[in-house]
Amino acid sequence: MIRIDVLTLFGEMFDSPLNFSIIKRGRQSGLIDIVLSNIRDFAKDSYKKVDDKPYGGGAGMVLMCQPVLDCLEHVQKQDARPGRVILLTPQGKKFDQPTAKELAAQQRIILIAGHYEGFDERIRIAAGAEEISIGDYVLSGGELPAMVIIDAIVRLLPGALGDEDSAANDSFSDGLLEYPQYTRPEEFKGLKVPDVLLSGNHKEIEKWRKRQAIEKTNENRPDLLHKYKKQSRDSNGAVKKIQ
Ligand code: 4FV
């Protein structure tokens with residue numbers, strides 16, 4: 001079982017996302033243990049202050065070292081397993097499927113959700129924390145990024161997905177975007193399912209799906225296609241003609 005701790009100022013934001021579908025099933029079946037801790041519980045002053053003005057001036061407030069690091073110390077003592085400490089911040093490494101796979105293989109992860117303008121830099125240094133960003137945009141807090149990362153991890157845990165879901169041919173599982181999917185009816189408002197998918201010829205279906213995945217990737221994520229070609233080149237030495 002993997003343990004994920006979340007340090008947050010707004011634990012109630014997690015109420016619903018953690019109590020539905022795959023995450024709920026994962027918690028109930030003991031695949032994952034998610035523990036929320038409130039950073040404000042570790043504020044020392046009577047006003048429970050956790051943020052302060054930035055040195056050097058500038059707008060907004062910054063999360064203070066003491067409440068966050070005291071909360072982290074408390075959480076780390078709760079379980080002997082050393083967890084990977086991760087700050088959610090736009091300054092972090094970009095979160096992606098390989099990172100989700102890597103984190104899903106951990107015993108324990110400690111996610112720290114920021115707020116305001118961000119963290120006092122000494123939190124990262126003192127905690128020896130990594131930084132992860134879920135995307136190049138600024139959110140009001142790190143809670144949603146924490147939920148995104150938890151969701152991406154849980155579905156990769158063995159036994160988390162029922163057979164109605166499969167992580168096997170996920171987008172990005174082979175470095176490409178996923179091929180288009182179709183289900184009944186065969187025709188909808190004049191839009192037909194491609195004949196090859198009705199042919200039962202699995203070899204042709206496989207070739208069609210690979211071609212579609214490459215076209216979709218080229219259209220929406222040429223950066224991924226470049227990486228994919230490089231990967232397939234490196235793995236075969238020679239340039240492999242993409243079927
Ligand atoms: C974010 C992101 C993000 C920035 C200031 C919360 C906010 C406040 N976190 N990926 N993008 N965080 O926008 O992870 O701390």
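The side chain of Arg 108 reaches the backbone oxygen of Val 75 at 2.8 Å, in what is a predicted model. Arg 108 belongs to strand β6, which covers residues 108-113, and this strand is part of an open sheet of five strands.

**Arg 108 and its surroundings**
- Arg 108 has a relative accessible area of 1% and counts as buried, because buried means under 20%.
- Besides the oxygen of Val 75, a polar atom of the Arg 108 side chain has the backbone oxygen of Arg 81 at 3.0 Å.
- When its neighbours within four places in sequence are left aside, Arg 108 is in contact with several residues, including Ile 2, Arg 3, Asp 5, Gln 76 and Asp 79, and also Pro 82, Gly 83 and Arg 84.

**The sheet**
- The five strands follow the order β2-β1-β6-β5-β7, and their pairing is parallel.
- At the edges of this sheet lie β2 (32-38) and β7 (130-133), each of which pairs on one side only.
- Neighbouring strands of the sheet are turned against each other by 30° on average, with direction ignored.
- Strand β1, made of residues 2-8, pairs with β2 in the parallel sense over seven bridges, and Ile 2 stands opposite Ile 32 in β2.

Notes: Residues numbered from 1 in each chain as written. Predicted model: local features only at pLDDT ≥ 70, side-chain atom pairs only at ≥ 80, totals over all residues. Heavy atoms only, no water. Helix = DSSP H or I, 4+ residues; strand = E, 2+ residues; numbered from the N terminus. Buried < 20%, exposed > 50% of the residue type's maximum accessible area, 1.4 Å probe, protein only. Polar contact = N/O pair within 3.5 Å; in protein donor to acceptor, adjacent residues only side chain to side chain. Contact = heavy atoms within 4.5 Å. Pairing = 2+ DSSP bridges. Axes fitted to C-alpha atoms, helices over the stretch in contact; angles between N-to-C directions.
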